[in-house]
Structure formats: C-alpha cells, structure tokens
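Open the model in your viewer and keep the selection tool at hand. The tour goes stop by stop.

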Amino acid sequence: MAGLLKKPLKLALVQLAAGADKATNLSRTRSKVLEASRAGASLIVLPECFNSPYGCQFFPSYAETLLPSPPSQTQSPTFHALSALAAETRAYILGGSIPEYAPASQKYYNTSLLFAPDGTLLATHRKVHLFDIDIPGKITFRESDVLSPGNKLTLVDLPPYGKIAMAICYDIRFPELATIAARKGCFLLLYPGAFNLTTGALHWALQARARAMDNQVYVALCSPARDMQASYNAWGHSMVVDPNAAVLVEAGEGEEIVYADLEEGRIEETRKGIPLYTQRRFDVYPDVSKGDVKYDE
C-alpha cells in the first residue's frame, strides 16, 4: 500500500479567543500564525469562528462575502489577511471558519478557507451539518435559525504531503464524512470546532479518537480558547490523534499553540497491525464511499 502521507508534516493548532473587534482578532491571528511558522509548522490550523464571536446573534454582522472569488478587501478582510499570511510564512493555512454571506442566495454559511503557501485559495468548506441541539437544563442552540448548510465533502491535495479532508465542528458527529474521506485516500481529517462545556466534556476527545480509530488516519480538532466572559463558552482542548487513536498532543483551556509531527508510514503500520481495510464485508453492507457523494456545491 502506497503511503498516504508522503513526507513528515509538522502541524500546528492555534487555540485563540475571539473578541468583539474583528481587526483585533485578525491582528491576534497574525501574531499566532507567525509564531507557529517560526516553530516550523507547515500546516497551521485556526479555530471555528476565529475572526468573530460564536453565536447566531453575531453571524450576520460579522459575515463576509467570498464569492465571486477572490473577493475585494472590503468584502472579505479575513480572506486577504489569510492569503497574505500564507504567502509570508510559506505554509498551508486553514482559516478554521468565518461567517459567510452569499448575496446571490441571501444565505449565511459557516465557512472554512484553506490557503496554499503561495497565498492562493485552495478550497472552501461550508459546514454541512448545522449545530441544532437541545439538552434540557444544559444548552439549546440552533445554527439553522441563521445559517444554511453546505452541500459537499471537501477533500484537498496538499503537495507534497498528500490529501486531507476539511470539515467543521458538528460535522465530526457524522462518521460517513470521515469514512468517505479515508477511503478516498486522506491521511488527515481536520475539524475546527467550538464544542461547549457540556458536549466538550462528553464527546470532544471521544469523537476525535473514534474517527481516528474507525478510519486509521490522523485527526485534528482545533477549538477556540475558553472565555468565561463570552456569551458562548468553548471547550478548548485542541488535539491531534494518531491513526491508532492515541492522543499525540492536547491543549488546555486558554490560548495556546500545540504542535504534532505527523509521520510517514504511521498509517500503513497501523493498518498492517489491524487490517480493517482488507476485512470489510462489502458483500454484507455497502461501501459508503461508492455512493452518490457530492464534491461540488
């Protein structure tokens, strides 16, 4: 089996707290991305809603227009900030997510942007599964009151490393996305996500390790830092899990950058020891990666 990760990759997860001022958020982002670059990271990941507070009441006022691409500086200052940072650091940068407004449809989305080391936009992912939950006495949240869902899987090739999958937060609860990505040859599943104190304690690490265990690939979750003065309290604990479901690194609750060295051959070593890929029974159940999978909006 050819190696899915073609050469070693240093991954950085930037756990940031976003405040009310977008310009300050972007300035803080720049400082932390440069720090990660100086530490040698080739892929730098930011959290969900890194340029704005997280909440339905904030999405419309912080939303930026991304299409047609490239947008103007006025339409999307975040797009241009990330593009410039990628070119400056010569690193891949995943802008965890930002609120997006699409004038053509008059809809809002929760959208992730991936930039190449030359500053060009490689891919966007609109959150496919919206965070609508109601846990009595704990938390009620309905992203669908404001946001619309994306309609595709997002798999991207990162020369010279290999292929990754982009998703956002609640997407991780739907293992079909991860399974399809793994079966299509991804070595890494990336989930910027703002779990809360209820769901984070219950499921954050469990979901990361489960997606890695089921698919025998690397999994990374990047959270905002916890801010107990904010209207929404993120869990924190950004983490990277290896193909054998071992936690390689985990952040605390506050602002922090954590790093992991992803090793070529680790996926194949894991799959050789526990050979799920030759033991699946597609004569008994279907291969979801062979179904009607959408890769375009």
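Helices (H or I, at least four residues) and strands (E, at least two) are DSSP runs, numbered from the N terminus. This is a predicted model, where local features need pLDDT of at least 70, side-chain atom pairs count only at pLDDT 80 or more, and totals for chains, interfaces and linings use all residues. Residues are numbered from 1 along each chain as its sequence is written, and side-chain values use heavy atoms, with hydrogens and water left out.

**Stop 1: Y285**

Select Y285. It sits in the segment after α7 (276-279). Is Y285 buried or exposed, or partly exposed? Y285 counts as partly exposed, because its relative accessibility is 38%. Buried means under 20% relative accessible area, exposed over 50%, and partly exposed in between (1.4 Å probe, protein chains only).

With Y285 they make a nonpolar surface patch of about 280 Å². Patches are made of residues with over 30% relative accessible area and no salt bridge; like charges are joined within 9 Å, nonpolar side chains (Val, Leu, Ile, Met, Phe, Trp, Tyr) within 5 Å. A salt bridge is a side-chain nitrogen of Lys or Arg within 4 Å of a carboxyl oxygen of Asp or Glu. Accessible areas come from the Shrake-Rupley method with a 1.4 Å probe; for residues, only the protein chains shown count as cover.

**Stop 2: helix α4**

Select residues 175-183, helix α4. Buried here are L177, A178, I180, A181 and A182. What do the buried residues of α4 pack against? Show β8 (154-158), β9 (162-166), β10 (186-192), α5 (197-215), α6 (266-273) and α7: they pack against these elements. Contact means heavy atoms within 4.5 Å. Just past α4, G185 has a positive phi of about 95°.

**Stop 3: R266**

Go to R266 in helix α6. R266 counts as buried because its relative accessibility is 19%.

**Stop 4: R126**

Select R126, in strand β5 (residues 121-126). R126 is buried, at 12% relative accessible area. Its side chain makes a polar contact of 2.8 Å with that of E100.

**Stop 5: D134**

Finish at D134 in strand β6 (residues 132-135). D134 is exposed, at 56% relative accessible area. The side chains of D134 and T140 form a polar contact of 2.7 Å.

How values were computed:
Polar contact = N/O pair within 3.5 Å; in protein donor to acceptor, adjacent residues only side chain to side chain.
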